[in-house]
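Please open the model in the viewer and keep the sequence at hand.

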Amino acid sequence: DIVEDTAVALGDLLRFFSNTYGGTHKVAPIVATLTRQGDQSYFDYIRSIKKSGFAEAVTIKTADLKQNLSTPENIPASLVERYTKALEILGDNNGN
């Protein structure tokens, strides 16, 4: 959520990880994968994570969705349905 919710840009992350750890680093591309583009539908975004080739991105998004669903009484039923479908797309068919 750092790119969506703060002033940090993907380029900032790439520079930070390249300067700190040297060379090319996977963190910025994974963050880019997990950042939904403004014109992208939610399920196109989820499918793009699945197709990205970054198992880390799938794992992170799956964990995020499971955390969101850990208290379903606190979110609208429409989001419970949406997140459950997203887990199915990501390959977590039983929601566990």
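Select K61 first: with a relative accessibility of 10%, K61 counts as buried (under 20% relative accessible area; exposed is over 50%, partly exposed in between, with a 1.4 Å probe and protein chains only). K61 is located in helix 5, residues 55-69; helices are DSSP runs of H or I of at least four residues, numbered from the N terminus. The model is predicted, local features need pLDDT of at least 70, side-chain atom pairs count only at pLDDT 80 or more, and totals for chains, interfaces and linings use all residues. Residues are numbered from 1 along each chain as its sequence is written, and side-chain values use heavy atoms, without hydrogens and water.

Next, display the surroundings of K61. Leaving aside residues up to four places away in sequence, K61 touches L34, Y42, Y45, I46, I49 and L90, contact meaning heavy atoms within 4.5 Å.

Then select helix 4 (residues 42-51) together with helix 6 (residues 77-90): they pack at an angle of about 30°, with axes 9 Å apart. Helix 4 is therefore roughly parallel to helix 6, a term for angles under 35 degrees. From helix 4, Y42, F43, I46, R47, I49 and K50 meet R82, Y83, K85, A86, I89 and L90 of helix 6.

Finally, colour the largest nonpolar core, which has 14 residues; such a core is a set of buried Ala, Val, Leu, Ile, Met, Phe, Trp, Tyr and Cys residues joined through side-chain atoms within 4.5 Å. Those with the most contacts inside this core are Y42, I46, I49, L65 and L90.

Methods
Axes are lines fitted to C-alpha atoms, for helices over the stretch in contact, and angles run from 0 to 180 degrees between N-to-C directions. Helices (H or I, at least four residues) and strands (E, at least two) are DSSP runs, numbered from the N terminus. Angles under 35 degrees count as roughly parallel, over 145 as roughly antiparallel, 65 to 115 as roughly perpendicular and the rest as oblique.
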